[in-house]
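Work through these exercises with the sequence and the 3D view side by side. Try each task before you read its solution.

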Amino acid sequence: MEVFGHLEQITAFVWDQLVKAPHQKRHPWRIATIANVVGQRVLQRSVVLRKAITNDRMLRFYTDVRSAKIQPLPENDRFSWLFYDPRRQVQLRLQTTARLLDSEQAAELWEEIPAFARKDYASIAPPGTIREELPLAAAADPLAGARQNFGVVDCIIEQMEVLQLHREGHRRAEFQWMSETQSWAGHWLVP
């Protein structure tokens, strides 16, 4: 990969990769690490990037609504995202504001989920519950409650930071969304 030479080249690359990632099973940015504050702790999780919309500055992931990572919503709606592409040696860090989609919007997306994947939301107990045996007793209907446990989180990107490692010189840049101009303002940083 060529070394980044212009700020505009970086934002174009980032959005190109984010939009592609949800549709390419082996894309290095398909799985991201997100972090947020829950109580007095910073929690990190891996999530699957389900959608990216450039014009809306939006990233989407699915979750169990009982999960600790979304319990602070809507009061504490800040999520940090981390992506890394080892082949291109590009790291992307994002600061976002999150919102849980309402039940109707989530129901529409639920219909797109393959039957085999719906079981991921069908556990009797919430994620992270301590249990004495494996597995928990299943409900009579293995998908009972799965739909009501399914949640969709949309995150709006407010800030991006990109680091490219390169033998010709590392490149690091930061971009802030400017609501007044509806555009990204960027500058180079010392790597």
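**Exercise 1. Is Tyr121 buried or exposed, and which rings does Tyr121 pair with?**

Step 1. Check the accessibility. Tyr121 has 9% relative accessibility, so Tyr121 counts as buried. Buried means under 20% relative accessible area, exposed means over 50%, and partly exposed lies in between (1.4 Å probe, protein chains only).

Step 2. Take the partner Phe150. Tyr121 and Phe150 form an edge-to-face aromatic pair, 5.1 Å centre to centre, with 85° between the planes. Rings of Phe, Tyr and Trp (its six-membered ring) pair if their centres lie within 6.5 Å; planes under 30 degrees apart are stacked, over 60 edge-to-face, and the rest tilted.

Step 3. Tyr121 sits in the loop between helix 3 and helix 4, and Phe150 in strand 7 (residues 150–164), so the pair ties together parts 29 residues apart in sequence. Helices (H or I, at least four residues) and strands (E, at least two) are DSSP runs, numbered from the N terminus. Phe150 is buried, as is Tyr121.

A note on the model: it is predicted, so local features need pLDDT of at least 70 and side-chain atom pairs count only at pLDDT 80 or more, while totals for chains, interfaces and linings use all residues. Residues are numbered from 1 along each chain as its sequence is written, and side-chain values use heavy atoms, with hydrogens and water left out.

**Exercise 2. How many aromatic pairs does a search of the whole structure find?**

Step 1. Count. The search finds 11 aromatic pairs.

Step 2. Look at one of them. Trp110 and Tyr121 are edge-to-face, at 6.1 Å centre to centre and 75° between the planes. Trp110 belongs to helix 2 (residues 103–110), and the two residues are 11 apart. Trp110 is buried, at 6% relative accessible area.

Step 3. Find the cluster. Phe4, Phe13, Trp29, Phe61, Phe79, Trp81 and Phe83 form one aromatic cluster.

**Exercise 3. Where are Arg57 and Gln89, which have a positive phi?**

Step 1. Recall the rule. Most residues other than glycine have a negative phi, and most peptide bonds are trans.

Step 2. Take Arg57. Its phi is about 55°. Arg57 lies in the loop between strand 3 (51–53) and strand 4. Arg57 is buried, with a relative accessible area of 11%.

Step 3. Take Gln89. Its phi is about 55°. Gln89 lies in the loop between strand 5 and strand 6 (90–100). Gln89 is partly exposed, at 35%.

Step 4. Leu73 and Pro74 are joined by a cis bond, with omega about 0°. Pro74 is in the loop between strand 4 (58–64) and strand 5 (78–85).

**Exercise 4. What is the pattern of the protein chain along the sequence?**

Step 1. Count the elements. The protein chain has four helices and nine strands.

Step 2. Read them in order. The pattern is α-β-β-β-β-β-β-α-α-α-β-β-β.

Step 3. The C-alpha atoms fill a box of roughly 60 × 35 × 35 Å, taken along the principal axes.

Step 4. Buried residues make up 39% of the 191 residues in the protein chain.
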